[in-house]
Structure formats: structure tokens, C-alpha cells
Amino acid sequence: MNDSSWGTPQTGYWGPSDHGSGRGAAPAGPAYDAHNAQQTRPMPVVPDVPEHGGDQDAGRGAARPSGPLFRDEPTRARPHPGEAPQNPEPMPDAPQPAPAPQKKSAGRDLSAAIGVGVGLGVVIVASLFVVKAVFVGVIAVAVVVGLWELTTRLQERKGIKAPLVPLALGGAAMVVAGYVRGAEGAWVAMALTALAVLVWRMAAPPEGYLKDVTAGLFAAFYVPFLATFVAVMLTADDGPWRVLTFLLLTVVSDTGAYAVGWRFGTHKLAPRISPGKTREGLLGAVAFSMVGGALCMQFLIDDGSWWQGLLLGLAVAASATLGDLGESMIKRDLGIKDMGTLLPGHGGIMDRLDSLLPTAPVVWLLLVLFVGSG
């Protein structure tokens, strides 16, 4: 090693050394003469080590520590030249794959809904055309179950105890009276049922009496009294065909609203009441129901005409939609989605009667005006 190597400044971890005149100069200290001692410099601040083994000082020959700067810092493995770093950090601006578009969902089990609907249709049609009295019994059972669902939800969600026993007995009696005595019999049975609700509730403490009997009177009118008009329709000579027309048009209206609204619906009909209903769905209900009404009046109803069917279909679409919205209003007030769970894919009995109940008196009245009471 020659003297020139000692005359060249060395850049190391401890900084450049001074120009010493001799080799092996001893470090300064009390045992040495300060005149011959090598000058020392303070330790420089260690620069941050770049991530991924970046070598910013490679051209200046700066040394680097072989371990982490702090005890709790993990040691990063530096890749060899030409080797990709292990576990590289993801690029912050790397484009993320776009999420797959979600398909529209009906919100219910369609297979179960269709199966239950077909089963109910078979029972209704069989009882309707075989023995009229059996169909009246089917109406009475549906009314009693609907009253049970409604009063149960009222008590669960609002603490309202509408008396079920007089409602169930009076509701079944209303349906039978409508079939036997017509509209007059239905009104008389409704009045007696209201009186029974008032008297029955007197057996309980007076607290909440007004709200309980008010809910009972509402339930008596909403479920059994409106359903009575189906039994009244059945009394005509072509009664089974009138009832079948009523059922078909209501189902066709609901189907048209669902199909058109699901496929083309963009403008909400009543978002605060039923967010799923759209104006396009309402137009679909009107179109389907008017076509169905024209066909039914022309081929199923004695002395009926297709233009009468158009008006009938329009009225059914309006009443069925209002009935659906009315029950949706009740369910929103109660904070529930369905009135029950008896029918898979449909909810409860009341969830199927919502559009049928207000449509029954409308169809009965228009048929009487168009072709008579029969």
C-alpha cells in the first residue's frame, strides 16, 4: 500500500478522514500528544434507507447498515441485481377491476311463489265450479286467517288488541250472509259484528278501549265485508264465471305491473309508500288488465261486450293498485315487510288479498251495471 492511498480523502460510514503525515497515527486521547493525534468528526445522522433496497448513494460508495435502524423494524431482504423484489408494494394508482353488474332481483323465491299460486288456483277453480258452497267456505277460511294475521301484527307492533273472536265469527257470518241474502245480508252481518266488537272489548280494562274497538271496526270492514262481494257475485246464474273474471283480471293486473315494471320501470309511482312500484308498471297493469277484460267480457260473461271489458279492466287496474298501496301503507306503519309467512314466496294470506279485497265491490258493481245482477 503506497502513501498516495493515504493522501486521498476516503468517504466512509464515519465520514472522510484527515490528511495525516504518517501512517498509523494514533487516535487522540490522554495517552498521546494532541499534536500528532488524528482529528475526529461527529457521527453523521444516518439517512433513511429507501424501500425495496434502493441504492441512492451507490456512486459515492456510502456504506449502509446491515440491519434495521430500529429494533421493531423488520429487516427487508434486498434483491440481487436483475431479481424482482419480493412482496412488492401495490401501486397506489393501479386500476381496479370494475365490479360485475348486478342483475335485477324479484326479491322473492319465484319458484315457491309460482308453485303456491298454482296450487291455490287449482283449489279455487275446483271448488268454484264443482260446488258453490265449498267456494264460500274457502272465502270464509281466507277471511278468518286474514283477520288473525292483521290483529296479530297490530298487537305485536302497536300494542293494539282488536278482539279476534267476534271478528272471526262475524267475518265468517258476513260471507255466508252475503251468499244467502245478498248485499242486504252482508250489511246486517257487518252491523252485528261491529256491535259484538264493542261489547266484547268491555270485558277488559278501559285503558286502550277506543283504539282497540276502532282497529276492530276497521278490520271488520277491510277484510270480511269487502270479501263478501265475492260471495254476492257467486249468486248470479253465471256466478262462477263472474268470480273467475274477477280473479283473472286482478291476477293479470298484478302480473302486468310486475313484468313491465321489472323490465322497464324507472319512474317511481309512490316511493314513500312502496318504492318498488313504478309508473311504467302501472301502465303495464292497465294494458294487461284492459286486454284481459275485453276477452273475459266477450267470451265468459253472458251478454257481455268487449268495450265493457276495456272499462272493467281499467277499473280493476286502478282498484288493485290502490289496494296494494293501501296495504303497503299499513305495513310501513307497522314496520313489517309481510303480514305473515303462511304462503312461501308470497308472505301471508293478507299479502295476497291486498289487491283482491278492494277490487271485489268494483267488479260486482260494474257487472251489475253492464249485464245485470243475473
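This report describes the fold, the helices, the salt bridges and some surface features of one predicted protein model.

## Basis of the description

The structure is a predicted model, in which local features need a pLDDT of at least 70 and side-chain atom pairs count only at pLDDT 80 or more, while totals for chains, interfaces and linings use all residues. Residues are numbered from 1 along each chain as its sequence is written, and side-chain values use heavy atoms, with hydrogens and water left out.

## The chain as a whole

The secondary structure comes to 10 helices and 2 strands, where helices (H or I, at least four residues) and strands (E, at least two) are DSSP runs numbered from the N terminus. Read from the N terminus on, the elements follow the order α-α-α-α-α-α-β-β-α-α-α-α.

Of the 374 residues in the chain, 35% count as buried; here buried means under 20% relative accessible area, exposed means over 50%, and partly exposed lies in between, with a 1.4 Å probe and protein chains only. The chain exposes about 22700 Å², and carbon and sulfur atoms supply 64% of that area, as given by the Shrake-Rupley method with a 1.4 Å probe, in which only the protein chains shown count as cover for residues. Among the contacts (heavy atoms within 4.5 Å) with a separation of 6 or more, 66% come from residues 24 or more positions apart.

Helix α5 covers residues 209–234, which makes 26 residues, and it reaches 37 Å from its first C-alpha to its last, close to the 38 Å expected at 1.5 Å a residue; the expected span is 1.5 Å times one less than the number of residues in the helix. The helix is mostly covered, since 19 of its 26 residues are buried.

A kink of about 30° lies at F221 in α5, shortly before the proline P224. The bend at a residue is the angle between two axes, one fitted to the seven residues ending there and the other to the seven starting there.

## R201 and its partner D212

R201 is found in helix α4, which covers residues 164–201, and it counts as buried because its relative accessibility is 6%. Leaving aside residues up to four places away in sequence, R201 touches P206, E207, G208, Y209, D212 and V213.

With one of these residues, D212, R201 forms a salt bridge in which the closest N and O atoms are 2.8 Å apart; a salt bridge is a side-chain nitrogen of Lys or Arg within 4 Å of a carboxyl oxygen of Asp or Glu. R201 lies in helix α4 and D212 in helix α5, so the pair ties together parts that are 11 residues apart in sequence. D212 is also buried, because its relative accessibility is 3%.

## Other salt bridges

A search of the whole structure finds 7 salt bridges. One of them joins D238 and R242, with the closest N and O atoms 2.9 Å apart, and both of these residues are buried.

D351 forms a salt bridge with K331, and the closest N and O atoms of this pair are 3.0 Å apart. The pair links distant parts of the chain, as D351 is in helix α9 (residues 349–353) and K331 is in helix α8, 20 residues away. D351 is buried at a relative accessible area of 2%, and K331 is buried as well, at 11%. E327, K331 and D351 are linked in a network of salt bridges.

## Features at the surface and elsewhere

I114, V118 and V122 form a nonpolar patch on the surface, with about 290 Å² of accessible area together. Patches are made of residues with over 30% relative accessible area and no salt bridge, and they join like charges within 9 Å or nonpolar side chains (Val, Leu, Ile, Met, Phe, Trp, Tyr) within 5 Å. V122 lies in helix α2, residues 110–130, and counts as exposed because its relative accessibility is 54%. An α-helix has 3.6 residues a turn, so residues three or four places apart point the same way.

D303 is found in the loop between α7 (279–299) and α8 (306–334), where it is exposed with a relative accessible area of 72%. D303 has a positive phi of about 65°, although it is not a glycine.

V368 has its place in helix α10, residues 356–371, and counts as partly exposed at 28% relative accessibility. The C-alpha atoms of V368 and A236 are separated by 9.9 Å, although the two residues are 132 residues apart along the chain.
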